[in-house]
Amino acid sequence: MKHLFKLDPAKNLPHNVIAKLVHSGTDGFIIGGTDNLYLDAVEKLYESLVETDLPIFLEVSDEAMILPEAEHFLIPVVLNTTNNKWTLGLHQELIKQMGDFIPWKRVTSEGYVILNKEAKAAKLTEAETDLTKEDIVAYARLAENIFHLPIFYMEYSGTYGDPEVVKAASGVLNETKLWYGGGIRSKEQAREMAKYADTIIVGNVLYEDLEAALETAAIFKKKTV
Ligand code: 1GP
C-alpha cells in the first residue's frame with residue numbers, strides 16, 4: 001500500500017469526485033478528522049465508498065465516530081504528548097465500555113508523532129512538536145522495539161515535512177511500517193516522500209485542488225495490459 005487518501009467526514013464530496021478518487025491509482029481510503037465527527041456523516045461517507053474494492057480504514061479519534069460495520073479500524077496512539085489521555089487514557093475507557101464487542105482482528109494501532117504545531121490535532125493532543133531528527137528517530141525505535149506498533153505515523157498535517165527526517169526514521173524501522181502524511185500537494189512531493197515512507201497519506205489538497213490530488217495517486221497507478 002503506497003498511497004491513501006484521507007477523507008474528512010465533516011466535508012462533503014460529490015459522487016463524481018469520489019468516483020475519480022476510487023479510480024485514481026490510490027490504494028485505499030482513511031476516514032478520519034479532528035472535529036465535527038458525527039456518526040451519520042461517517043456513515044454517509046463510508047457508504048459513498050462502497051462501490052470500491054479498495055480498503056477503507058476508519059480512524060477512530062472520537063468514540064462518536066465508531067461505525068460497527070467498518071471493515072478496518074485504525075487506532076491512533078500519540079507518542080509525543082505528556083497527556084496520556086491520547087496515548088492510552090481514552091483507549092482504556094473505551095475498552096472498559098466495549099471490550100467484549102471489539103473486533104480485534106479488524107483493529108490496527110498507529111504510533112503517531114504529530115509534528116506541525118499549528119495543526120488542530122497537535123493543539124488538541126498537546127503534542128510536543130519541537131523535536132529534533134534524533135528525537136523523532138528515537139520515537140520510531142520506541143514504536144518498533146518497545147511497543148511493537150505495526151505503524152509509525154509521521155503526521156505533519158497541513159505542512160510539508162522534512163524528507164531528511166522521514167528518511168532517518170525509515171532507516172531504523174524494519175517491521176513497523178512508516179506512514180507519512182502532511183502537505184503533499186504535488187506528484188513531486190508524493191514521489192519524494194514515497195521514497196522513504198511505506199505509505200503516504202494525502203488529505204487537504206483533495207478539497208482544494210482535486211487535479212493535484214489525483215496526480216499524487218496517478219504516479220502509483222498499476223498498468224493494466
Ligand atoms: C492528515 O496526514 C494527513 O491526517 C494528510 O495531511 O491534510 O496535510 O494532506 P494533509
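**Note on the predicted model: annotated site, barrel and cores**

1. For "binding site", an unreviewed UniProt entry lists Lys 6, Tyr 153, Met 154, Glu 155, Tyr 156, Ser 157, Gly 158, Gly 183, Gly 203 and Asn 204. The points below refer to a predicted model, and the site annotation comes from the UniProt record.

2. Two of the listed positions can be set side by side. Tyr 156 is in the loop between strand E6 (151–155) and helix H6 (163–171), and Gly 158 is in the loop between E6 and H6 as well. Tyr 156 has a relative accessibility of 10% and therefore counts as buried, the limit for that class being under 20%. Gly 158 has 58% and therefore counts as exposed, the limit there being over 50%.

3. Tyr 156 is in contact with Leu 115, Asn 116, Gly 161, Asp 162, Val 165, Tyr 180, Gly 181 and Gly 182. Gly 158 touches Asn 116, Gly 182, Gly 183 and Asn 204. Gly 183 and Asn 204 are themselves among the positions in the UniProt list.

4. The sheet is a closed barrel of eight strands in the order E1-E2-E3-E4-E5-E6-E7-E8, and the pairing is parallel. From one strand to the next, the twist averages 30°.

5. One of the strand pairs can be described in detail. Strand E3 (residues 56–59) pairs with E4 in the parallel sense over three bridges. Glu 59 has Leu 74, in E4, as its bridge partner. Helix H2 (residues 39–48) packs on the sheet, where it touches strand E1 (3–7), strand E2 (29–31) and E3. The direction of H2 makes about 165° with that of E2.

6. Helix H3 (residues 89–98) has Gly 89, His 91 and Leu 94 as buried residues. Strand E4 (72–78) is included in what covers the buried residues of H3.

7. The largest nonpolar core has 58 residues. Within this core, the residues with the most contacts are Phe 5, Leu 7, Leu 21, Leu 58, Phe 152 and Met 154. Met 154 is also one of the positions listed by UniProt. Leu 21 touches Phe 5, Leu 7, Leu 13, Thr 26, Phe 29, Leu 206, Leu 210 and Leu 214, not counting residues up to four places away in sequence. A second, separate core has 15 residues, including Val 78, Tyr 112, Trp 179 and Ile 201.

Notes. Residues are numbered from 1 along each chain as its sequence is written. This is a predicted model: local features need pLDDT of at least 70, side-chain atom pairs count only at pLDDT 80 or more; totals for chains, interfaces and linings use all residues. Side-chain values use heavy atoms; hydrogens and water are left out. A nonpolar core is a set of buried Ala, Val, Leu, Ile, Met, Phe, Trp, Tyr and Cys residues joined through side-chain atoms within 4.5 Å. Buried means under 20% relative accessible area, exposed over 50%, partly exposed in between (1.4 Å probe, protein chains only). Contact means heavy atoms within 4.5 Å. Helices (H or I, at least four residues) and strands (E, at least two) are DSSP runs, numbered from the N terminus. Two strands pair if DSSP finds at least two bridges between them. Axes are lines fitted to C-alpha atoms, for helices over the stretch in contact, and angles run from 0 to 180 degrees between N-to-C directions. UniProt positions are given in the numbering used here, feature names are shortened, and annotations may be inferred rather than shown by experiment.
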